[in-house]
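I opened my notebook to look up a few places in one structure. Here is what I am working from.

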Amino acid sequence: MNTGVDEHGDSFYRELPLSRDFTLMADPDSFTPVPSDWLIGTTDIVNSTGEIAKGRYKTVNMVGAAVISSLINGLEGRAFPYVFGGDGASFAVPVTAAQTVFAALADLRRWADEEFGIQLRASLVPVALVREAGRDVCVARFSVSDGVDYAMFSGGGLAWVEQEMKAGEHVVEPAAPGAQPDLTGLSCRWSNAPTQNGQILSLVAQPTKRASERDFADLAHRVVSISEGLLRSGHPVPLGGPGVRWPPPGLDLDAHVSRTGKNLTVQKAKLLGQNLLIWLLFKTGVNLGSFDPNHYAAMVSNNADFRKFDDGLKMTLDCDPNTRVQIEQILEEARMCGKIKYGLFAQDEAMVTCIVPSAVRDDHVHFIDGAAGGYTQAAAQIKG
């Protein structure tokens with residue numbers, strides 16, 4: 001395991017090596033311990049399965065991604081490790097960012113309740129406390145393109161913080177009524193991406209206490225290697241992007257996110273006009289200044305976050321029936337040995353939630369989940 005850790009500055013994550021090979025993310029030696037004076041944060045939605053049962057798939061994903069959007073804006077572009085989980089997010093930040101992050105989480109809790117009637121939990125814990133509990137927090141950087149990389153986590157620390165949060169420990173309380181987080185760049189204007197191979201398979205696999213670090217690494221490597229045999233490694237977003245239509249399917253959500261307390265109807269009308277122009281640009285392929293719609297759509301696919309490690313393995317795959325059988329056999333064998341817990345959930349489409357600091361740069365990020373509740377539904381099978 002790497003040991004070149006800057007214990008005090010927030011350059012730690014920025015200086016980690018980048019890997020373009022996802023199979024290497026299954027190797028414990030690819031990960032570096034997070035500095036002991038950093039903080040670990042996690043969020044999730046109370047009863048997200050119930051919200052999804054109401055058909056609020058996009059809302060759940062949008063609130064989960066809002067956590068990352070708010071932190072990116074609050075930290076003013078400073079690099080930090082985060083992972084999107086469908087109904088929430090986890091992250092690590094230097095202690096120097098504690099006040100900013102605490103305020104952002106408090107604002108998000110109030111905003112999610114007032115804007116959507118969703119109860120968002122949030123917790124912030126020192127890494128040192130995680131290690132005192134016998135867990136660790138280690139991180140690696142997986143580069144999906146020249147402009148974007150995503151953090152991978154191992155060590156069991158994120159899972160421990162989430163358990164503590166659900167037990168009511170280390171909780172960040174909501175801000176005062178009317179709080180408005182800075183969600184500049186957060187949107188969901190793309191159409192869903194239908195499966196090309198048979199099904200969009202959401203997979204969640206977690207190690208048990210009986211599994212060593214190497215046990216789970218070997219299992220994950222086998223599953224990832226099988227998925228590599230799929231077209232584009234099972235990437236669920238087409239090369240030319242997921243497609244757009246007008247009016248966009250996420251218009252109402254975008255209006256809630258971007259109105260910042262203003263009149264909702266007025267904001268919807270404003271977005272309708274903006275999205276008509278966007279739709280025309282993508283339909284015709286005509287550039288607008290330095291914005292090239294064809295290049296942008298291709299980068300949405302390139303930058304998509306459809307597989308990750310966050311104290312377990314999560315994947316959203318465009319999967320054929322035969323590959324699913326192979327993956328499920330491996331997972332079931334490991335479960336029977338008491339080494340893992342897992343859940344699988346199949347649907348017809350994948351969903352994209354985006355954070356776009358600038359449409360003319362290539363550093364926009366795109367979180368992928370199954371369009372019928374994906375990760376949350378798969379995780380619910382584990383609980384069952």
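Where is Leu288 found? I find Leu288 in the loop between helix H8 (264–284) and helix H9 (293–302). Helices here are DSSP runs of H or I with at least four residues, numbered from the N terminus.

A note on the source: this is a predicted model, where local features need pLDDT of at least 70 and side-chain atom pairs count only at pLDDT 80 or more, while totals for chains, interfaces and linings use all residues. Residues are numbered from 1 along each chain as its sequence is written, and side-chain values use heavy atoms, with hydrogens and water left out.

Back to Leu288. (Buried is under 20%, exposed is over 50%, partly exposed is in between, with a 1.4 Å probe and protein chains only.) Not counting residues up to four places away in sequence, Leu288 touches Leu277 and Leu281. Contact means heavy atoms within 4.5 Å.

Next, the cores. A nonpolar core is a set of buried Ala, Val, Leu, Ile, Met, Phe, Trp, Tyr and Cys residues joined through side-chain atoms within 4.5 Å. The largest one has 92 residues, and Phe91, Leu313 and Leu331 have the most contacts inside it. H2 gives the most to this core, with nine residues. A second, separate core has 18 residues, including Val125 and Phe153.

Notes. Helix = DSSP H or I, 4+ residues; strand = E, 2+ residues; numbered from the N terminus.
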